[in-house]
Amino acid sequence: MKKLIFATNNAHKLEEVGAIIGTSLQLVTLREAGITEDIPENEPTIEGNALAKARYVWEKTGCDCFADDTDLEVDALGGAPGVHSARYATDGHDFEANRIKLLRELEGKSDRKARFRTVVALIIEGKEYCFEGIVEGEITTREIGEGGFGYDCLFRPEGYERTFAELAPEEKNAISHRGRAVAKLAKWLKNQ
Ligand code: IMP
């Protein structure tokens with residue numbers, strides 16, 4: 001079976017993405033590919049970060065691979081947290097601190113429009129391809145729901161009464177930023 005390195009060690013993401021890619025390809029994590037160090041994510045855009053991560057893996061392994069990068073863009077905050085979504089409140093990936101900061105920044109604001117955006121960068125035989133997925137929605141005024149991760153319990157997708165944290169994983173996958181970007185990737189791979 002053909003192998004494809006997915007530049008992540010996040011079990012949650014691997015599960016989401018594996019469900020969309022299906023079983024015709026074997027997804028290999030960074031750890032399984034022998035990459036144990038943190039890959040730098042210092043680019044000013046998520047496109048830049050996704051490409052930088054994929055190029056790092058390609059240069060290190062010479063194997064076909066892909067990487068993703070996601071941000072949350074809130075209109076009333078001029079697009080913040082944006083490319084800094086993971087490190088919004090602190091230097092670490094502190095999901096709870098990030099949510100508390102986001103709610104504080106939006107206090108008293110009636111415009112709660114926001115979107116999640118994912119870019120997947122794929123490198124196949126040295127050639128680079130990018131796929132984008134976007135989901136529009138709004139930021140709630142408090143945390144609602146138990147599932148998911150990150151900002152899920154604060155994000156209500158357009159046309160839904162529930163937040164991402166209240167949706168079943170398949171429901172989230174079908175409409176989410178990452179789900180949409182990975183569906184484009186899966187379609188592209190299938191047509192090769
Ligand atoms: P990453 O590029 O996928 O690591 O995403 C950056 C940050 O965006 C993460 O640290 C999370 O806080 C947030 N994030 C990414 N994807 C999701 C999601 O599906 N739900 C909620 N938050 C997410």
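**Exercise 1.** How do the residues of the lining of the largest pocket divide into nonpolar, polar and charged?

*Solution.* Before counting, note that this is a predicted model, in which local features need pLDDT of at least 70, side-chain atom pairs count only at pLDDT 80 or more, and totals for chains, interfaces and linings use all residues. Residues are numbered from 1 along each chain as its sequence is written, and side-chain values use heavy atoms, with hydrogens and water left out.

Step 1: the lining holds 38 residues, and Lys 13, Glu 41, Asp 69, Ala 86 and His 93 lie nearest the centre of the pocket. A pocket here is an open set of points on a 1 Å grid over the protein atoms alone, where a 1.4 Å probe fits, with protein on both sides within 12 Å along at least five of seven lines; lining residues have an atom within 4 Å of a point.

Step 2: sort them by class, and you get 12 nonpolar, 13 polar and 13 charged. Ala, Val, Leu, Ile, Met, Phe, Trp, Tyr, Cys and Pro count as nonpolar, Asp, Glu, Lys and Arg as charged, and the others, Gly among them, as polar.

**Exercise 2.** Find which element gives the most to this lining.

*Solution.* Step 1: list the elements that give two or more residues: α2 (46-61), β3, α3 (95-105) and α5. Helices (H or I, at least four residues) and strands (E, at least two) are DSSP runs, numbered from the N terminus.

Step 1: β3 comes out on top, with five residues.

**Exercise 3.** Locate the ligand and describe its polar contacts (pairs of N or O atoms within 3.5 Å).

*Solution.* Step 1: the ligand sits in the largest pocket, meaning that more than half of its atoms lie within 2 Å of the pocket's grid points. Two elements, β3 (65-74) and α5 (177-190), each give two or more residues to the shell around the ligand.

Step 1: look at ligand oxygen atoms. One is 2.8 Å from a polar side-chain atom of Asp 69, and an oxygen atom is also 3.0 Å from an N or O atom in the side chain of His 177.

Step 2: turn to nitrogen. A ligand nitrogen atom lies 3.1 Å from a polar backbone atom of Tyr 151.

**Exercise 4.** Inspect the backbone at Pro 81 and Glu 125.

*Solution.* Step 1: the peptide bond from Ala 80 to Pro 81 is cis, with omega near 0°, and Pro 81 belongs to strand β4 (residues 81-82).

Step 1: Glu 125 is not a glycine, yet has a positive phi of about 50°.

Terms used:
A polar contact is a pair of N or O atoms within 3.5 Å; within protein, one must be able to donate a hydrogen and the other to accept it, and residues adjacent in sequence count only if both atoms are side-chain atoms.
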